[in-house]
Amino acid sequence: MLRVCSIFDRLKKSVRLEIPRKTIYRLSLYLRCLQRLKGNAIRTVSSEALAKAAGVKSTQLRKDLTYFGQFGTRGLGYEVEQLATMIADLLGTTRLQPVVLVGAGHLGMALLSYRGFEQEGFEIVAAFDIDTGRERSRKPSQPVLSMDKLPEFVREHRVKMAILTVPATVAQEVANALVEAGVEGILNFAPIVLQVREEVTENNVNLAIELENLSYFVQH
């Protein structure tokens with residue numbers, strides 16, 4: 001155990017800020033493939049087999065992993081358990097991370113009801129909305145709090161990530177409040193590109209754009 005932990009410590013120190021975002025995205029794909037292998041009691045996997053399962057080329061997989069060190073044994077491949085633990089540690093999903101959601105409308109309520117987040121290492125601990133008293137078709141297990149309690153809650157619970165499901169007209173204002181309170185990562189469902197500080201990471205999910213992309217390939 002001490003040997004594995006020391007490896008992880010060295011890996012964390014070696015992670016560089018210039019690592020491409022797409023590489024981090026692919027790490028999540030690799031982790032899910034490794035988790036499936038673990039579930040099937042498979043102990044080792046070749047780079048070719050893991051890359052095929054993740055839908056990438058084996059050269060791409062090996063390049064992605066070299067950002068964090070040298071893994072695998074020639075002729076034997078990767079140890080599934082060790083590589084999965086390493087990637088989960090890098091992604092910060094070895095323990096539950098608190099997340100807040102702002103905008104308890106239809107989409108927000110659907111996300112609050114989704115239990116899969118906890119299996120991936122994330123827990124939506126509270127939701128915030130301008131109208132906490134309105135009737136909702138679902139009653140979430142998390143509290144739905146008023147917006148004026150947002151800054152204090154984020155600081156008190158040391159929340160670093162937030163999900164934004166508010167209208168575009170107020171998204172920037174809410175994002176500013178989240179960043180001011182200490183949030184460092186925002187998953188934005190509002191159809192607008194947020195303006196945030198350089199040290200804050202914003203991931204945008206625009207379903208209309210994704211459908212337009214699909215439409216192009218369906219018609220061509």
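Q: Is Glu81 buried or exposed, or partly exposed, and what is its relative accessible area?
A: The general idea is a scale: buried means under 20% relative accessible area, exposed means over 50%, and partly exposed lies in between, with a 1.4 Å probe and protein chains only. On that scale Glu81 is partly exposed, at a relative accessible area of 48%. Please keep in mind that this is a predicted model, where local features need pLDDT of at least 70 and side-chain atom pairs count only at pLDDT 80 or more, while totals for chains, interfaces and linings use all residues. Residues are numbered from 1 along each chain as its sequence is written, and side-chain values use heavy atoms, leaving out hydrogens and water.

Q: Which side chain meets Glu81 in a salt bridge?
A: A salt bridge here is a side-chain nitrogen of Lys or Arg within 4 Å of a carboxyl oxygen of Asp or Glu. For Glu81 the partner is Lys38, at 3.7 Å from N to O. Glu81 sits in helix α5 (residues 80-91) and Lys38 in helix α2, so this pair ties together parts that are 43 residues apart in sequence. Lys38 is partly exposed too, with a relative accessible area of 37%. Helices (H or I, at least four residues) and strands (E, at least two) are DSSP runs, numbered from the N terminus.

Q: How many salt bridges does a search of the whole structure find?
A: The search finds seven. One of them joins the side chains of Arg26 and Asp64, at 2.7 Å from N to O. Because Arg26 belongs to helix α2 (residues 21-39) and Asp64 to helix α4 (residues 58-66), the pair ties together parts 38 residues apart in sequence. Both Arg26 and Asp64 are buried.

Q: Where does the salt bridge partner of Arg62 lie?
A: Arg62 meets Glu48 at 3.7 Å, N to O. Glu48 is in helix α3 (residues 47-54) and Arg62 in helix α4, 14 residues apart. Arg62 counts as partly exposed at 33% relative accessibility, and Glu48 is partly exposed at 47%.

Q: Which strands does β7 pair with?
A: Two strands pair if DSSP finds at least two bridges between them. Strand β6 (residues 161-164) runs parallel to β7 (residues 185-188), joined by four bridges; Met161 has Gly185 as its bridge partner. β7 also pairs in the parallel sense with strand β8 (residues 201-204), over four bridges, and there Leu187 is partnered by Asn203.

Q: What is the handedness of the β-α-β unit of β6, helix α9 and β7?
A: Look with the strands pointing away from you: a crossover is right-handed if the path from the first strand over the helix to the second runs clockwise. Here β6, helix α9 (residues 168-181) and β7 make a right-handed unit.
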